[in-house]
Amino acid sequence: MGVAVVAIILLLRGIINYYKKLNAGNSRQKMVQPVKCPICGSSLYVGENLISKVYRPMNVPDQLMTVSGCPHCYPKCEQGLKRICPVCHKAIAQDQSLTARLFNKNLSKKHVHVIGCSNCHKPRAD
């Protein structure tokens, strides 16, 4: 009977350790959002946001916005990263940004569509 109790305790310890390791692996996945910077391609962690400006009016379904970068590539680019336009695939200078449309969807979900950079998307002359 004593051997059976020891076997059950060891089994329970093994199960507990298994779930601890499983949860430890998931904590890293929770830290990384499935979001990448459109300029440098860096993964954004929880608390890291794109540096951008959204223009008014706020009550329309889509808005104009500019994206300057993420904490990894703006205001200063980290070593080994390149600022590349996702539309024309050319290098973007530190003082340049992407032009994008921000679509406001139901339930406060948002979608961003990049139109181009300062080089490939020039404002129309009226």
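Reader: What makes H89 count as buried or exposed?

Author: Its relative accessible area. This is a predicted model, and in it H89 has a relative accessible area of 59%. Exposed means over 50%, so H89 is exposed. H89 lies in the loop between β4 and β5.

Reader: And what is the value of phi at H89?

Author: Phi of H89 is near 60°, a positive value in a residue other than glycine. For background, most residues other than glycine have a negative phi.

Reader: How do you know whether N106 is buried or exposed?

Author: Use the cut-off again: N106 comes out at 67% relative accessibility, and exposed means over 50%, so N106 counts as exposed. N106 lies in the loop between β5 and β6. Its C-alpha atom is separated by 9.7 Å from that of P61, and the two residues are 45 apart along the chain.

Reader: Why is C77 called partly exposed?

Author: C77 has 23% relative accessibility. Buried means under 20% and exposed over 50%, with partly exposed in between, so C77 counts as partly exposed.

Reader: How do you know that C77 is in no disulfide?

Author: A disulfide needs a pair of cysteine sulfur atoms within 2.5 Å, and the count here comes to zero disulfides. For C77, the nearest cysteine sulfur is that of C73, 5.7 Å away.

Reader: Which strands form the open sheet, and in what order?

Author: Four strands form it, in the order β3-β4-β5-β6, with antiparallel pairing. β3 (51-54) and β6 (110-117) stand at the edges: each has a single partner strand, so one side of each is left without a neighbour in the sheet. From one strand to the next, the twist averages 30°.

Reader: What makes β3 and β4 a pair?

Author: Pairing takes at least two bridges, and four bridges join β3 to β4 (residues 62-69), so the two strands pair. They run antiparallel, and K53 stands opposite T66 in β4.

Reader: Which peptide bonds are cis?

Author: Among them are the bond from R56 to P57, with omega near 5°, and the one joining Y74 and P75, with omega about 5°. P57 lies in the loop between β3 and β4, while P75 is found in the loop between β4 and β5 (98-104).

Notes: Residues are numbered from 1 along each chain as its sequence is written. This is a predicted model: local features need pLDDT of at least 70, side-chain atom pairs count only at pLDDT 80 or more; totals for chains, interfaces and linings use all residues. Side-chain values use heavy atoms; hydrogens and water are left out. Axes are lines fitted to C-alpha atoms, for helices over the stretch in contact, and angles run from 0 to 180 degrees between N-to-C directions. Buried means under 20% relative accessible area, exposed over 50%, partly exposed in between (1.4 Å probe, protein chains only).
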